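This note comments on how the parts of one protein chain meet. Please read each point with the structure open.

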Amino acid sequence: MTKEKNVNPSPTGLAPASWLVTAGRSSAPGAPLNVPLVPASNFIIGSGREYARDDGTPTWEALEDVVGGLECGRAVAFASGMAAIAAVFDQLPAGSAVVLPDDCYQGVAGLVAAGAQRGRWTVQRVALHDTAGWIDACRTADLVWLESPSNPLLGVADLEAICAAPRKPGAVVAVDNTFATPLNQRPLAFGATVSLQSATKFIGGHSDLLAGVATTKDEAVWHALRQSRELAGATPGTLECFLAVRGARTMALRLQRAQASAAELAQRLQAHAAVELVRYPGLASHPTHATARRVLGGWGTLISFDVRGGADVADAVCREVGLIRHATSLGAVESTMERRAAIPGQQHLPAALLRLSVGIEEVEDLWRDLDGALARARR
Ligand SMILES: *Cc1c(COP(=O)(O)O)cnc(C)c1O
């Protein structure tokens, strides 16, 4: 099941792992080697940078350089992943047609439902694997919203085909690329208009910040996103950007190790008597494995698996793990796990589905923890 292929020939000619280490740094003599924290709301007039919300700050820009280069576009940093996502929806004229995957992040589903209820747009949902359905929707939609791999079912869309499909003039194709990271998938290279990252997850990588980044190659879209940030005020925090850049420096290493462990754990879980079903894009049994093989550079660090015995047993597994923390979120150095259907509004999901975000701990320690918890939960 090995899969480690670089999807990104970086625009600088550097491998992504090198780009992550060097990007955003100054090379001026006497400048600090690391990006400094610049806690400033305003600047002396004369340079074109006057007020942070309008003009950005050097610390925000360091994060934008790092992520923009990795996604191969120009980035705008926001207060959170949802703030970046809301800025994309903010562009839509009243009465727009939005297409959304059948499985996606609950925050996005909530935002879209709230907007639809207020009459801002109409919504159509398409199954992630239904490539023909997506291509068809591209002809009439104003915003084609994709999330791949999806949360939490880890469905993989054929972004290569969908992003290249003819679309309504002016339509935007946006991809929530949080689960893949720009190291495993580059939506802009496939032809998407915008790629979104919740930098809270893999980019930050240490569960200590909230931030989001939207990246595009389209100058007009970039200016519109900047204007949204300026007018709606969803600006990133200075410390958060500093920490996100610091986290990004090691992202390639963290991802490489965690996804190697995830692939191993997925195979062992699939063979485990207490587990009914394992969803992991790298498993041949995964419904969109063939697509994943084509579009993803790596299988990722998330595994969704259904425990035998229902929600109560799944809850007990969450209580019994020790090294793996019973917590939400993903993409951090520490492994976390939760029962997704326990989240309000997520009752449509399989009741015993556990979403495991594999961290960088030693894989044998993770397995002992998981295997032990599965055994104790059934007693
Ligand atoms: C966490 C997450 C978001 C939201 O990001 P925040 O930083 O929490 O606002 C959006 N999409 C996906 C896929 C996520 O996992």
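**Note on the domain interface**

1. The count of salt bridges between domain 1 and domain 2 is two. Arg294 forms a salt bridge with Glu160, and their closest N and O atoms are 3.6 Å apart. The model under review is a predicted one.

2. The domain assignment places domain 1 at residues 16-248 and domain 2 at residues 252-377. Their C-alpha centres are 26 Å apart.

3. The interface may then be described by its residues and its area. On the side of domain 1, 32 residues are in contact with 35 residues of domain 2. The size of an interface is often expressed as the accessible area lost when the parts come together. Here, domain 1 and domain 2 bury about 2,500 Å² between them, and 60% of this lies on carbon and sulfur atoms. Within domain 1, the residues that lose the most area to domain 2 are Leu154, Asn184 and Phe202, which together make up 25% of what that side buries.

4. Polar contacts also join the domains: 14 residue pairs, with both members at pLDDT 80 or more, are counted between domain 1 and domain 2. On the side of domain 1 that touches domain 2, the elements giving two or more residues are helices H1 (16-22), H7 (159-164), H8 (181-184) and H11 (238-248). The largest share, three residues, comes from H8.

5. Finally, the composition of this side deserves attention. The side of domain 1 that touches domain 2 has 16 nonpolar, twelve polar and four charged residues.

Conventions. Residues are numbered from 1 along each chain as its sequence is written. This is a predicted model: local features need pLDDT of at least 70, side-chain atom pairs count only at pLDDT 80 or more; totals for chains, interfaces and linings use all residues. Side-chain values use heavy atoms; hydrogens and water are left out. Domain bounds come from an automatic or database domain assignment. Contact means heavy atoms within 4.5 Å. Buried area is the accessible area (1.4 Å probe) that two parts lose on being put together, summed over both. A salt bridge is a side-chain nitrogen of Lys or Arg within 4 Å of a carboxyl oxygen of Asp or Glu. A polar contact is a pair of N or O atoms within 3.5 Å; within protein, one must be able to donate a hydrogen and the other to accept it, and residues adjacent in sequence count only if both atoms are side-chain atoms. Helices (H or I, at least four residues) and strands (E, at least two) are DSSP runs, numbered from the N terminus. Ala, Val, Leu, Ile, Met, Phe, Trp, Tyr, Cys and Pro count as nonpolar, Asp, Glu, Lys and Arg as charged, and the others, Gly among them, as polar.
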